[in-house]
Every structure is written in C-alpha cells, then in structure tokens.
Amino acid sequence: MIRTARAEDAGQVVPLIHTAIGRIANTLTGTTDDQEALKIVGEFFTQPGNRLSYENTIVYEVDGQVVGFLLAYHGSHSEELDKPFVDRIRSVSGKEVTFVKEAHDDEYYLDSVAVNDAFQGQGIGKKLMDAFEQQGKERGYSKLALLVEMDNELAYQLYVKKGYHVDGEIAISGYHFRHMIKNCE
C-alpha cells in the first residue's frame, strides 16, 4: 500500500534514500563519512521543511515494512528546502556552499525513488511513479520532472515509456544526469 511517510519511518526509508542518491548524500550533509552522512540524512528526514523530509515522501508498505519510497517537491521550493543543508554545512565548516538546482521553478520534481532489493521486479517503483504523477495532477502542476543517470539505460527507457523526454543534462556530485520532463495530463 502507498501512504504518506511519517517521521518514524526514518529507519526504513533512510537506507533507501542513500541507495537512491549515493554521494549526493555526502554533498548535502557536508561530510565524506558515509555513516555520518546516513545519520544526518536520518535527522533531516524526521524534520519538516527540508528537501529530504518525510513531508515530501510517499512510501510503499508491505506487511508493515517500508519497501519503497519516492521523494518529490515543487521546483519553486528548491532553495528553501536546501537552506537547512546550506546552513548546516556553514555551521560545521564555515564555508559558503550552493547546490546545483535540479528542478526548474515550474516543475513538480521527483527527487529520488528506490525499492528494497528483495522487492524489485514487483511493479512497486511503477506504482510509486504513478502516485507521483497523480499527486502532480491533483496539485494542479502542469509539468513533471526527474533526473536519470546517463548510464542507467533501463530507467531511462522506463521513463521514455511513461512519456518523459529529455530537455537537458546536468552534473551533480560527480554524477551526470539527463533532465527529463512530462506534461501533466
């Protein structure tokens, strides 16, 4: 079943977030230590008002276990949702940072999605994507967007089948992505 995430889902969702975003977690948290990054991502997940918050997350649950997640927000909120990460990095390092803006201001943006390995191939990712698209439509957004790694041909083909098309490329934390969009119908 798909439901809105809750702060107490952190223990099950945070490892999936790390699976989905990899080194980007280190960039957002300002640490090269993966365990520390996971801990910090977990703290942010439980707090409102940031990119990785439970507020922006839906989960797929099987027998009380979260086995998949999807995190999405409107592109016009990117800067305010990234501000807690910028503030954290400034407070621990004294450095000013800016993040590459992943979504345009007119897009409902799928930030990340992942399904537990044991539940792959059961259509859970597709159901989460469908829920994301439905949310975008219900919220009155005209455009959906996502990024797909350049070398992830399987995901790319899935998104093309779902009606997304490439409208640019972007590099984030050493990864290279295609930026893909779809008009809400």
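Residues are numbered from 1 along each chain as its sequence is written. In this predicted model local features need pLDDT of at least 70, side-chain atom pairs count only at pLDDT 80 or more, and totals for chains, interfaces and linings use all residues, while side-chain values use heavy atoms, with hydrogens and water left out.

Reader: In what order do the 7 strands of the open sheet stand?
Author: Strands here are DSSP runs of E with at least two residues, helices are runs of H or I with at least four, and both are numbered from the N terminus. Two strands pair if DSSP finds at least two bridges between them. The sheet is open with mixed pairing, and its order is 1-2-3-4-5-7-6.

Reader: Over how many bridges do strand 5 and strand 7 pair?
Author: Strand 5 covers residues 143–149, and its V148 stands opposite R178 in strand 7. The two strands run in the antiparallel sense, and the count of their bridges is 7.

Reader: Which residue in the turn between strand 6 and strand 7 has a positive phi?
Author: Strand 6 (residues 165–172) pairs with strand 7 in the antiparallel sense over 7 bridges, and V166 has M180 as its bridge partner. The two strands form a hairpin with 2 residues between them. The residue with a positive phi, about 50 degrees, is S173.

Reader: How many of the 9 residues of strand 7 are buried?
Author: Buried means under 20% relative accessible area, exposed means over 50%, and partly exposed lies in between, with a 1.4 Å probe and protein chains only. Strand 7 spans residues 175–183 and is largely enclosed by the rest of the structure, because its buried residues number 7.

Reader: Which strands does helix 6 touch as it packs on the sheet?
Author: Contact means heavy atoms within 4.5 Å. Axes are lines fitted to C-alpha atoms, for helices over the stretch in contact, and angles run from 0 to 180 degrees between N-to-C directions. Helix 6 (residues 153–161) makes about 10 degrees with the direction of strand 7, and the strands touched are strand 4, strand 5, strand 6 and strand 7.

Reader: Within what arc do the buried residues of helix 6 fall?
Author: Helix 6 has A155, Y156 and Y159 as its buried residues, whereas L154 and K161 on the other side are exposed. The arc is that of the directions from the helix axis to the C-beta atoms. The buried residues line one face of the helix, because they fall within an arc of 100 degrees.

Reader: Over which ring does the charged end of R178 sit?
Author: A charge sits over a ring if NZ of Lys or CZ of Arg is within 6 Å of the ring centre and within 35 degrees of the ring normal. The charged end of R23 sits over Y175, 4.2 Å from the ring centre. For R178 the distance is 3.9 Å, and the ring is that of Y156.

Reader: Is the pair of Y175 and F177 stacked, edge-to-face or tilted?
Author: Rings of Phe, Tyr and Trp (its six-membered ring) pair if their centres lie within 6.5 Å; planes under 30 degrees apart count as stacked, over 60 as edge-to-face and the rest as tilted. Both Y175 and F177 are buried. Their centres are 6.0 Å apart with 50 degrees between the planes, and the pair is tilted.
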